[in-house]
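Here are a few notes to read alongside the structure. Take them one at a time, and find each spot in the viewer as you go.

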Amino acid sequence: MNERNYNYDIIRMTAIVFVILIHSCGLLMENLEIRSVQLMQIGLTSLVNTAVPLFVMLSGALLLGKEEPLGVFVRKRLSRILLPFVIWSFILYLAQHPPRSAAFLWEYPLALLTGGVHEVYWFVYMIILLYLLTPVLRPAMRDRATGLWTGGVILGLFLLYFLFPDIPYVKNAGFENIRFLLSYVGGFLLVRHLSGKRWLGWAGLVVAIVGYAVNFLTGLYYPVPIPVYVFTAFGLFAWILSWKPRKPLAVVTFLSETSYGIYLCHVAVISLFVRLAGAYIPVLASPFVTGSVTLLTCGLMMWLCKKCRLKKILY
């Protein structure tokens, strides 16, 4: 049995905390005319927007190097994410659209299939697409040269689209999602070919700091279409990989193991908390107060799910 990689747990925990903070910034977004709020919003989002690339990089690192039959891969990965997704989507849809007629019987499935249950669930549809591409990408990743060439081509397409967003044939075609393919392949290549290098930690930290600074300054003075936070995420990913923690912390392992369930239920908790207490929270403190309450509440929900042996169906 392979030894658990605690650094991966740290990355996954960091990503889910960042996801919660992203969706806890509602009050900031409503008060951007205040300079201090604007600075807070830009400064915070320049960091926490790395959440999805971190998740995707970790998925690529864990999945692209595996050797398993296609049927086994599809069954394991889709069963892992689909059942909790359907259950939490149903709960959220019921809360938003209480059934008033028999039309509910087809409205919910239609919303589920078209991504309309809640906008925050776009991540699930994106990761399913990456899973479906995995059998195609795996052969290219077996060979070092082919893998690096593949990563280079994807990086080139990423830069091409975001530097020249109006190029023919790809405008308005969802081509911007190349950033997630870059994260998926890049995470694998980074772990496979650079993990363990002595310089990786400080190089990753430098990339993360520079990326953050560019995000912050462009957001403040000259917004550009290139999502520089992807490079910030690569820096954070590499930096955390270089850590040598002495002893795993139970809370980190728990949040890592339950991160998918927390992602699926956190938006409902945030909505309820903001509705009940939003008016009483100072604007500048709102992301951290809302985020802390949400993380604690979702963590407690996942703990109860574990105690009730509902792990396989709820997270």
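1. Start with leucine 155, which sits in helix 8, the stretch covering residues 144–163. Please keep in mind that you are looking at a predicted model. Leucine 155 has a relative accessible area of 32%, so it is classed as partly exposed.

2. Together with Trp149, Val153, Leu157, Leu159, Leu160, Leu163 and Phe164, it makes a nonpolar surface patch of about 750 Å².

3. Next, look for glycine 219 in helix 10, which runs over residues 200–221. This glycine is partly exposed, because its relative accessible area of 31% falls between the 20% and 50% cut-offs. Now find serine 46: it is 173 residues away from glycine 219 along the chain, yet their C-alpha atoms are separated by 8.2 Å.

4. Is serine 59 buried or exposed? With a relative accessible area of 15%, serine 59 is buried, because the cut-off for that word is under 20%. Serine 59 belongs to helix 4, residues 51–63. Leaving aside residues up to four places away in sequence, serine 59 touches Leu64, Ile127 and Tyr184.

5. Helix 4 matters for the next view too. Which helix gives the largest share of the lining of the largest pocket? That is helix 4, with seven residues. Other helices that each supply at least two lining residues include helix 1 (6–22), helix 5 (70–96) and helix 7 (122–142).

6. Finally, the pocket itself: the largest pocket has a volume of about 1600 Å³. Its lining counts 43 residues, and those nearest its centre are Arg12, Leu58, Leu62, Arg77 and Arg80.

How values were computed
Residues are numbered from 1 along each chain as its sequence is written. This is a predicted model: local features need pLDDT of at least 70, side-chain atom pairs count only at pLDDT 80 or more; totals for chains, interfaces and linings use all residues. Side-chain values use heavy atoms; hydrogens and water are left out. Patches are made of residues with over 30% relative accessible area and no salt bridge: like charges are joined within 9 Å, nonpolar side chains (Val, Leu, Ile, Met, Phe, Trp, Tyr) within 5 Å. Accessible areas come from the Shrake-Rupley method with a 1.4 Å probe; for residues, only the protein chains shown count as cover. A salt bridge is a side-chain nitrogen of Lys or Arg within 4 Å of a carboxyl oxygen of Asp or Glu. Helices (H or I, at least four residues) and strands (E, at least two) are DSSP runs, numbered from the N terminus. Buried means under 20% relative accessible area, exposed over 50%, partly exposed in between (1.4 Å probe, protein chains only). Contact means heavy atoms within 4.5 Å. On a 1 Å grid over the protein atoms alone, a cavity is a set of points where a 1.4 Å probe fits but cannot get out, and a pocket is an open set with protein on both sides within 12 Å along at least five of seven lines; lining residues have an atom within 4 Å of a point. Grid points are joined across faces, edges and corners, and a volume is the space filled by probe spheres set on the points.
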